[in-house]
Amino acid sequence: MTANRRLRSVLLFSGLLVVLLGVLAASSAFAGGAQSSKARVAGAVTIRNKSFTLSRPDEKRRLTVGCPGKQRPLGGGMTSSPPPTAGGEGVYPHSYERLVAQRGWHVTAVLYDPDHRSTQPRNVTLQVACGPRLGHVTPPHRTKYVKPGQTKTVVATCPGRRHLFSGGFQRTDFISQGGNYVIESRAISDKSWRVVGHAFGHFGGELTAIAYCTRSKRPLITEVAQSASLPAGGYGTATTPSCPPGTKMTAGGFSGNGSTTTFLTNGMINADGTWTAAGYNWGSGASLTAYGYCLRG
């Protein structure tokens, strides 16, 4: 009996050792796979575009563009053609946000026309930057209400050990009779996204800032920026430098630098890896800053 018990003990110990070694091997393989995936992010970004048409004054449409296959949205933007003309007639975003279930990017766009006399149809191109899954995404939202004549700031911040990889906004609502519009949407740190809005006319509206966050031991993005003056009563653009080596342009932001007379309109990743932001200034003495966010490998 003693010999049998000893044999059973040896076999039991051997079995436990095999299981333990298997668990360690699986953990090592998982860690190695995660590192490999992250290392490929900067070189595996795909840009997808989709076009739409808006033709009626104050027409609002929910526009979406999706990522291919199993890729996930990292950031996005939109551009319109022709750009805003005299009086500010043109297409502007009511929202810039990431879609989880549809794996894409969403913009609710409005064709703003202050006089409604001869609205010119506009083509709108929506863009999404897609890449490998970064991990679990946490999207904190923060909302404030903006009354006519008010300017308010909303900041969404990544919790805990999570860092920012993109951001956006939603719920602005302006049309020719009034409403609120963004005058800034950008990262202000490696964990926080800030949105500033102003309202005019007969009604205000809600303003929501969104931060898109994932767990990381260090910051995920590097910022590149460029400013430009906007002509009085006119349209202008600003384009960032390219991203540093080892990073890829995946998202962008913009700021009217405190001016409430600027409608921010287009924002788009260019073929050369830069980011261009655009705005229409219906006042005087305004400027625009484009912010590009480069995701590290």
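Because the model is predicted, local features require pLDDT of at least 70 and side-chain atom pairs count only at pLDDT 80 or more, whereas totals for chains, interfaces and linings use all residues. Residues are numbered from 1 along each chain as its sequence is written, and side-chain values use heavy atoms, with hydrogens and water left out.

The protein contains one helix and 20 strands; these elements are DSSP runs numbered from the N terminus, with helices being H or I runs of at least four residues and strands being E runs of at least two. Of the 297 residues in the protein, 50% are buried, where buried means under 20% relative accessible area, exposed over 50%, and partly exposed in between, with a 1.4 Å probe and protein chains only. Among contacts with a separation of 6 or more, 76% are between residues 24 or more positions apart, a contact being defined by heavy atoms within 4.5 Å. The accessible surface of the protein is about 13,600 Å², and carbon and sulfur atoms account for 54% of this surface. Accessible areas come from the Shrake-Rupley method with a 1.4 Å probe, and for residues only the protein chains shown count as cover.

Three disulfides are found in the protein, each being a pair of cysteine sulfur atoms within 2.5 Å. When the bonded cysteines are numbered in sequence order, the pairing is 1-2, 3-4, 5-6.

The torsion about the S-S bond of C67 and C130 is about -90°, so the disulfide is left-handed. Both C67 and C130 are buried.

A further disulfide is formed by C158 and C213, whose sulfur atoms are 2.1 Å apart. C158 is placed in the loop between β10 (151-157) and β11 (162-170), and C213 in strand β14 (residues 205-215), 55 residues apart. The torsion about this S-S bond is about -85°, so the link of C158 and C213 is left-handed. C158 and C213 are both buried.

C243 and C294 are also joined by a disulfide, with an S to S distance of 2.1 Å. C243 is in the loop between β16 (234-239) and β17 (247-255), while C294 is in strand β20 (residues 286-296), 51 residues apart. This link is left-handed, with -85° about the S-S bond. C243 is buried, with a relative accessible area of 18%, and C294 is buried, with a value of 0%.
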